[in-house]
Amino acid sequence: MKIKQIILKNYRNYEQEKIKFASGINVFVGKNAQGKTNILEAVYLCASARSHRTGKDAELIKDGHSYYQVKIDFSGKEIDDQSLEIKYSTKPRISRDIYYCDIKQNRIADLFGLFHAVIFAPEDLMLIKDGPAVRRRFIDVLISQIKPLYFRNLQLYQQYLKQRNHLLKTLREMLYQKKVNPNSFNEDLYEFNLIQLSIWTEKLAEVQTDIIITRQAYVNKISNYAKESLAIISDQTEILNIKYKTVSGINVNADKETIFQQLINRYINQQDDDIQRGNTGSGTHRDDLEIYVNNNLLKERGSQGQQRSAVLAIKLAELKIIEKETQEKPVLLLDDVMSELDEKRREHLLSAFEQNQVFITCTELAQIYPNFKGELLDENESSFNDIENSPMVSLNDSENDLKNALNLEKGNDYIKFYKIDKGTVKPQILLQ
Ligand code: ATP
Ligand code: MG
């Protein structure tokens with residue numbers, strides 16, 4: 001997949017910006033807090049409907065405004081001219097509209113599967129360090145990009161869970177009133193609500209069975225790919241394993257019917273507790289991934305370096321799975337990562353890219369391009385008149401480590417530089 005251009009309106013520190021991209025490598029250079037990550041974040045939003053930094057859409061709106069808009073024009077393997085647009089508004093009411101090829105989509109779920117991106121960013125370490133929600137989100141976004149129906153199941157699950165919890169609260173309230181005022185207790189209504197509860201429980205278990213089976217399959221895939229990567233990065237000294245942790249007592253390797261029955265039994269056994277608490281005590285909304293290196297839980301016993309390597313291996317697994325299952329080359333977003341990686345990890349990361357369009361941020365060009373000897377000049381200050389071609393600079397093969405590593409074919413081998421300065425984007429000319 002290749003993005004041709006992006007339009008940002010009131011997004012973070014951008015008021016209105018249209019950026020045309022190179023189909024190879026796009027490099028964003030700028031000091032801290034100028035808006036480099038904001039551009040990558042906006043691209044990622046189009047693949048996952050969510051920022052990699054926050055779940056709060058309102059934070060993405062430029063201060064003092066009431067909406068943001070992000071639109072990308074992109075091409076895929078099958079379809080050349082596509083566009084995706086997200087508009088989020090807080091006035092007159094909170095709304096989020098999604099357009100694919102300028103046609104309004106009914107649901108957020110419709111966005112998944114249209115455009116694929118993988119981001120490598122400092123926030124990735126949260127995958128190891130933070131709580132289960134981050135790891136659930138990681139696997140959910142990954143699977144949703146490949147199987148939009150899975151996202152629909154997640155939404156259904158949330159709906160059923162809400163209904164079930166609502167009913168549990170009603171039952172709890174009825175039992176409380178029975179204690180306070182036994183005469184007021186309506187036995188028939190209580191029984192009727194219990195029947196309702198069993199209906200919601202069944203729906204919940206049904207959709208959950210699919211979620212569990214899918215998550216288990218993808219955790220296995222991630223674990224296998226990531227294990228391979230980590231072995232290479234660590235010279236075969238570190239063995240990575242990822243285990244899927246779901247509702248206790250469920251055999252995740254069993255067949256569909258068995259998992260469903262195990263879930264139903266579990267809900268029947270815990271029904272009184274659930275009623276007392278007024279919510280559903282167990283379910284896939286509590287799932288987690290356990291990440292082990294050499295049989296040690298990485299979160300508790302891993303060194304900083306081990307955590308970094310493992311997270312890189314997991315992200316590369318994400319990339320490989322998306323590539324394999326969608327048959328598309330996802331757009332790669334590399335935020336600040338090159339400067340944080342040592343030579344070996346950096347090489348391994350770059351060796352995984354082939355023909356992908358890459359977006360990369362840095363504060364100094366030397367971070368990503370150690371042999372760089374040229375100079376960047378604002379495009380509009382240069383003497384080039386050919387506006388269409390001037391920003392696309394073909395680099396000398398022997399000099400360009402990044403391009404060689406990316407293995408870009410001739411004819412497609414161009415790179416574009418942008419200077420990012422206080423929410424403005426200035427395409428650059430490279431002078432050698
Ligand atoms: P670094 O090199 O430190 O990572 P960066 O160039 O990647 O910096 P970004 O994270 O892209 O920086 O942008 C940060 C800037 O965006 C900050 O100046 C911040 O104040 C501004 N910003 C973030 N959210 C908003 C918003 N909702 N409205 C206006 N400005 C915002
Ligand atoms: Mg940044």
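A residue is termed buried when its relative accessible area is under 20%, exposed when it is over 50%, and partly exposed in between, with a 1.4 Å probe and protein chains only. At 3% relative accessibility, S48 therefore counts as buried.

The model is predicted: local features need pLDDT of at least 70, side-chain atom pairs count only at pLDDT 80 or more, and totals for chains, interfaces and linings use all residues. Residues are numbered from 1 along each chain as its sequence is written, and side-chain values use heavy atoms, with hydrogens and water left out.

**Overall architecture**

The protein chain has 432 residues, of which 53% count as buried. It contains 12 helices and 16 strands; these are DSSP runs numbered from the N terminus, helices being H or I of at least four residues and strands E of at least two. Along the principal axes, the C-alpha atoms fill a box of roughly 90 × 55 × 40 Å. The chain exposes about 20,500 Å², and carbon and sulfur atoms supply 47% of that area, computed by the Shrake-Rupley method with a 1.4 Å probe. With contact defined as heavy atoms within 4.5 Å, residues 24 or more positions apart account for 72% of the contacts with a separation of 6 or more.

**Domains and their interface**

An automatic or database domain assignment sets the domain bounds. Domain 1 comprises 1-116 + 328-432, and domain 2 comprises 124-327. Their C-alpha centres lie 33 Å apart. The contact takes 25 residues from domain 1 and 22 residues from domain 2. About 2,200 Å² is buried between the two domains, and carbon and sulfur atoms give 61% of it; buried area here is the accessible area (1.4 Å probe) that two parts lose on being put together, summed over both. F112, R345 and H348 supply 29% of the area that domain 1 buries against domain 2, more than any other three residues.

| Residue | Element | Residues of element |
|---|---|---|
| S48 | helix α1 | 36-48 |
| I119 | strand β8 | 117-120 |

Not counting residues up to four places away in sequence, S48 touches L111, F112 and V141. I119 counts as buried because its relative accessibility is 2%. Leaving aside neighbours within four places in sequence, I119 is in contact with Y44, H52, D124, K315 and L333. I119 and Q367 are 248 residues apart in sequence and 18 Å apart in space, C-alpha to C-alpha.

Terms used
Chains are lettered from A and ligands numbered from 1 in the order in which they are written.
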